[in-house]
Amino acid sequence: MNVSNTTWDVGLFEAMNFDGGQFMDWFMTTVSGVAMWVPLYLLIIYMVWRRYSWFGVAAFIVAVAAAMGLADIIAGIFKHAGPLGNIWPDFPVRQRPMFTESLVDVHVVSAEHGQYGTVSAHAATIVSLALMCCAVLKTRWFRIMMILFAVLICYSRIYLACHFPQDILIGALLGLVTGIAGLGLFRWLMQLQESRQK
């Protein structure tokens with residue numbers, strides 16, 4: 001599948017995707033993984049515990065899991081179904097940049113991915129998590145850190161030629177929606193606990 005050179009984000013992708021050398025390849029691959037972020041998850045749990053106690057931790061984990069899980073499932077439906085044909089013929093599902101024939105000089109670190117890249121599940125899940133953390137944990141330095149981490153993870157998907165910027169943008173919008181839903185679930189669980197304690 002080819003993409004038109006007039007598509008708004010193709011030039012932006014080409015500017016952001018480059019060969020940064022072995023260290024950059026390793027770093028961006030690690031950023032896109034899970035293990036690197038375990039300390040962050042532990043920090044989030046600790047901060048939620050300090051503010052809301054152990055019930056708050058349990059409620060937050062449930063709400064985050066629901067929000068991120070929903071974001072991942074929805075993103076997966078689009079990517080694994082490919083172009084949705086009669087269901088949503090105008091939805092801009094495209095192949096990943098690494099599989100797009102009309103692109104030249106694409107820096108690909110690993111081609112072990114599915115064919116389609118719309119919607120970015122990485123963008124959807126990290127934005128969902130970041131939104132919930134920023135709303136629940138209102139420390140300024142932590143909010144800035146979460147936003148920077150979300151941007152870094154989203155960019156890593158472009159660097160690795162897994163997604164066009166448009167895929168990231170749609171994924172981020174999906175993450176905002178599921179994050180708001182998860183935040184509502186968390187607040188409902190906390191209110192339920194408060195009402196039981198009265």
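Reader: Which helices each supply at least two residues of the lining of the largest pocket?

Author: They are α3 (38-81) and α4 (121-136). The structure is a predicted model, in which local features need pLDDT of at least 70 and side-chain atom pairs count only at pLDDT 80 or more, while totals for chains, interfaces and linings use all residues. Residues are numbered from 1 along each chain as its sequence is written, and side-chain values use heavy atoms, with hydrogens and water left out. Helices are DSSP runs of H or I with at least four residues, strands are runs of E with at least two, and both are numbered from the N terminus. By that rule the chain has six helices and zero strands.

Reader: What makes a space count as a pocket?

Author: On a 1 Å grid over the protein atoms alone, a pocket is an open set of points with protein on both sides within 12 Å along at least five of seven lines, whereas a cavity is a set where a 1.4 Å probe fits but cannot get out; lining residues have an atom within 4 Å of a point. Grid points are joined across faces, edges and corners, and the volume is the space filled by probe spheres set on the points. The largest pocket holds about 280 Å³. Among its 14 lining residues, G33, V34, Y41, H122 and T125 are the closest to its centre. Helix α4 gives the most to this lining, with five residues.

Reader: Why is W49 called partly exposed?

Author: Buried means under 20% relative accessible area, exposed means over 50%, and partly exposed lies in between (1.4 Å probe, protein chains only). W49 has a relative accessibility of 36%, and therefore counts as partly exposed. The residue is found in helix α3.

Reader: What makes the contact of D9 with R94 a salt bridge?

Author: A salt bridge is a side-chain nitrogen of Lys or Arg within 4 Å of a carboxyl oxygen of Asp or Glu. The closest N and O atoms of D9 and R94 are 2.7 Å apart, and the pair forms a salt bridge. D9 lies in the segment before α1 (10-16) and R94 in the loop between α3 and α4, 85 residues apart. By this rule the count comes to one salt bridge.

Reader: Are D9 and R94 buried or exposed?

Author: D9 is buried, with a relative accessible area of 0%. R94, at 8%, is buried as well.

Reader: Where is phi positive in D105 and S53, and what are the values?

Author: Phi is near 60° in D105 and near 70° in S53; each is a positive value in a residue other than glycine. Most residues other than glycine have a negative phi, and most peptide bonds are trans. D105 is placed in the loop between α3 and α4 and, at 75% relative accessibility, counts as exposed. S53 is placed in helix α3 and, at 38%, counts as partly exposed.
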